[in-house]
Amino acid sequence: MRLVADIGGTNARLALCKDGAIVPQSVRNFSNDDWPHLYDIVSAYLKEHAPVPPDEMVIAVAGPVQGDQAVLTNRKWTILRTELIQQFGCKQVVLVNDLSALGHAVPSLLPTQLRRIYNGPALPSKTGQSLVVGIGTGFNVSPVLSTPNGVHCLAVEAGHISMPKNVSNMLKAIGLSPDMFPTIETLFSGRGFTFFCQQITGDDTLLGTTAIQSYKTSNNSAISNAVDHYAALIGQLLRDLSLAYMPSSGVYLAGSVARAVVSISTARLIDVFAQPCDILGDRTPSLFTIEDDFAALYGCAAHDHRL
């Protein structure tokens, strides 16, 4: 039996899997604010669902994984592989980045778990290069290489690199100083979206969630304009990332911010994303949103620690 977990900045999702398949009735969601540490969540979960300790754990973490430890980017939790083995008696514990877990899930995601928002060239077979882009509490990407021998996801911390020039130019064009957003995550994240909407509307009390709820329903047109501008900025970022990673098998958007913005301002994003460029020509990759909140658990279930 394997315990799989997806530990984000806000929520922790856990499940058991057997023979590579999630046990449906074992899936649980926890609010991280209610617990002092992941170890306490795992302990409570196993007490309810697994009186016999699982043989393996695969833990996806929203932050960098270095050796035997992982650190959540947006929460002061350090997770130690050795501590999990010691506390829970597992034979094998694997720590992976949460976007890498989604990458491992991509080849087996069903149409019901996805929403296609741009139809690029015909997708190749299950082998090829894909890219997962997560815009939620934070930001990161996972390049995915699917081969006949397995799925390989490279470790990346893209949220902390400097903002691409094309995105900075778009910010200038709408009257914002790029200095407000020095790295990708300062703009493309939950707090970045809120700050962006506040700057565009001049309302420093506006929340990102309120902007989404008010889109096209409020007399304040500045809110809808802010969301549309943000969707266009996502489109430009995805263009740049497509050139950097050449994901011929598709780009997969994940995270609460990405899904919320794309669901209401799809056209503005696609207008920018699908523009031809000298390198890609008219071969802009297909673009999907991952609609299943528990998709990373399927990636943890599919993960082969021997690769």
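**How H1 passes H2**

Helix H1 passes helix H2 in a right-handed crossing. This comes from a predicted model. H1 covers residues 38–49, and H2 covers residues 81–88. The two pack at an angle of about 30°. Their axes lie 11 Å apart. Angles under 35 degrees count as roughly parallel, so H1 is roughly parallel to H2.

Which residues of H1 and H2 make the contact? On the H1 side they are Tyr 39, Val 42, Ser 43 and Leu 46. H2 brings Glu 83, Leu 84, Gln 87 and Phe 88. By class, the contact of H1 with H2 has 5 nonpolar, 2 polar and 1 charged residues.

**How H6 passes H8**

A second pair is formed by helix H6, residues 190–201, and helix H8, residues 221–245. H6 passes H8 in a right-handed crossing. Here the packing angle is about 130°, with the axes 9 Å apart. That angle makes H6 oblique to H8.

H6 contributes Phe 193, Phe 196, Cys 197, Ile 200 and Thr 201. From H8 come Ala 222, Ile 223, Ala 226, Val 227, His 229, Tyr 230 and Leu 233. By class, the contact of H6 with H8 holds 10 nonpolar and 2 polar residues. It has no charged residues.

The two pairs in brief:

| Helix pair | Angle | Axes apart |
|---|---|---|
| H1 and H2 | about 30° | 11 Å |
| H6 and H8 | about 130° | 9 Å |

**A loop residue**

Gln 25 sits in the loop between strand S3 (21–22) and strand S4 (28–31). Is Gln 25 buried or exposed? Its relative accessibility is 58%, so Gln 25 counts as exposed. The cut-off for exposed is over 50%. Ala 15 is 10 residues from Gln 25 along the chain. The C-alpha atoms of Gln 25 and Ala 15 are 8.4 Å apart.

**The whole protein**

How many helices and strands does the protein have? There are 11 helices and 15 strands. The C-alpha trace spans about 60 × 45 × 30 Å along its principal axes.

For 307 residues, a compact globule would have a radius of gyration near 19 Å. The protein has 20 Å, which agrees.

Buried residues make up 53% of the 307 residues. Take the contacts between residues at least 6 apart in sequence. Among these, 66% join residues at least 24 apart.

Methods: Residues numbered from 1 in each chain as written. Predicted model: local features only at pLDDT ≥ 70, side-chain atom pairs only at ≥ 80, totals over all residues. Heavy atoms only, no water. Axes fitted to C-alpha atoms, helices over the stretch in contact; angles between N-to-C directions. Helix = DSSP H or I, 4+ residues; strand = E, 2+ residues; numbered from the N terminus. Parallel < 35°, antiparallel > 145°, perpendicular 65-115°, else oblique. Left-handed = near helix turned anticlockwise from the far one by under 90°. Contact = heavy atoms within 4.5 Å. Nonpolar A, V, L, I, M, F, W, Y, C, P; charged D, E, K, R; others polar. Buried < 20%, exposed > 50% of the residue type's maximum accessible area, 1.4 Å probe, protein only. Rg over C-alpha atoms; globule rule 2.2 N^0.38 Å.
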